[in-house]
Amino acid sequence: MVEPLSRPSERSGEDVDIILTRLREVKAFQRFPPPLLLQICACAFYECLEKGITLFRQGDIGTSWYAVLSGSLDVKVSETANHQDAVTICTLGIGTAFGESILDNTPRHATIVSRETSELLRIEQREFKSLWEKYRQSLAGLLAPPYGAMESGSNNDSG
């Protein structure tokens, strides 16, 4: 895993600009209100994963929320306790987000594996909870339908 640009606490204006530029390149983030974008820039970590890296496993208790800046990741679900039995149910691409199970500390519903080299923004639980309280509407719009529906426990109707 690549070192994040810098710890958010010691982040310079330049780092914030880099992250802001990357966010603005992703269509899904263009709808966000500017104060939300700036807060994401201030608290997010930038991470680059090589292909085939498991970000987290089904059943783990999460610590972070993620947004995809580039690349793609497979969402794998296993009906058994064995990770070898996991089946890919969907792929998360640029502008999707995942990991909102951290809002209520429920175990991860799926295993996430990078399908190719991927750039992610990672926001730790405490910061994400405070962003969610203020900007729930904007953030909820990022959740990919299969995964978002799964996370909230609603049944996903295919329309």
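This is a predicted model: local features need pLDDT of at least 70, side-chain atom pairs count only at pLDDT 80 or more; totals for chains, interfaces and linings use all residues.
View 1. Asparagine 105 sits in the loop that links strand S6 (97-98) to strand S7. Its phi angle is positive, at about 55°, although asparagine 105 is not a glycine.

View 2. Along the sequence, the elements follow the pattern α-α-α-β-β-β-β-β-β-β-β-α-α. The protein has 159 residues, and 47% of them count as buried. Among contacts with a separation of 6 or more, 77% are between residues 24 or more positions apart.

**View 3. Four strands form an open antiparallel sheet in the order S2-S7-S4-S5.** Strand S2 (54-56) and strand S5 (87-92) are at the edges; each has a single partner strand, so one side of each has no neighbour in the sheet. From one strand to the next, the twist averages 30°.

**View 4. In the sheet, strand S7 pairs with S2 and with S4.** S2 and S7 run antiparallel and are joined by two bridges. In this pairing, threonine 54 has valine 113 of S7 as its bridge partner. S4 and S7 also run antiparallel, with four bridges between them. Here lysine 76 stands opposite threonine 111 of S7. Which residues of S7 point one way, and which the other? Thr111 and Val113 point one way, Ile112 and Ser114 point the other way, and all are buried. In a regular strand, side chains alternate between the two faces of the sheet.

**View 5. Strand S4 (residues 73-77) is joined to S5 by five bridges.** The pairing of S4 and S5 is antiparallel. Valine 77 has valine 87 of S5 as its bridge partner.

**View 6. Glutamate 116 lies in the loop between strand S7 (111-114) and strand S8 (118-124).** At 37% relative accessibility, glutamate 116 counts as partly exposed. Which residues does glutamate 116 contact, leaving aside its neighbours within four places in sequence? They are Leu49, Glu50, Lys51, Gly71 and Ser72. With serine 72, the glutamate 116 side chain makes a polar contact to the side chain at 2.6 Å. Glycine 52 is 64 residues from glutamate 116 in sequence, and their C-alpha atoms are 6.9 Å apart in space.

**View 7. Helix H4 (residues 125-140) bends by about 90° at lysine 134.** A straight helix of 16 residues would span 22 Å at 1.5 Å a residue, whereas the end C-alpha atoms of H4 are only 16 Å apart. Which residues of H4 are buried? They are Gln125, Phe128, Leu131, Trp132, Tyr135 and Leu139. These buried residues pack against helix H3 (34-43), strand S3 (64-70) and S8.

Definitions and conventions:
Residues are numbered from 1 along each chain as its sequence is written. Side-chain values use heavy atoms; hydrogens and water are left out. Buried means under 20% relative accessible area, exposed over 50%, partly exposed in between (1.4 Å probe, protein chains only). Contact means heavy atoms within 4.5 Å. A polar contact is a pair of N or O atoms within 3.5 Å; within protein, one must be able to donate a hydrogen and the other to accept it, and residues adjacent in sequence count only if both atoms are side-chain atoms. The expected span of a helix is 1.5 Å times one less than its number of residues. The bend at a residue is the angle between axes fitted to the seven residues ending there and the seven starting there. Two strands pair if DSSP finds at least two bridges between them. Axes are lines fitted to C-alpha atoms, for helices over the stretch in contact, and angles run from 0 to 180 degrees between N-to-C directions.
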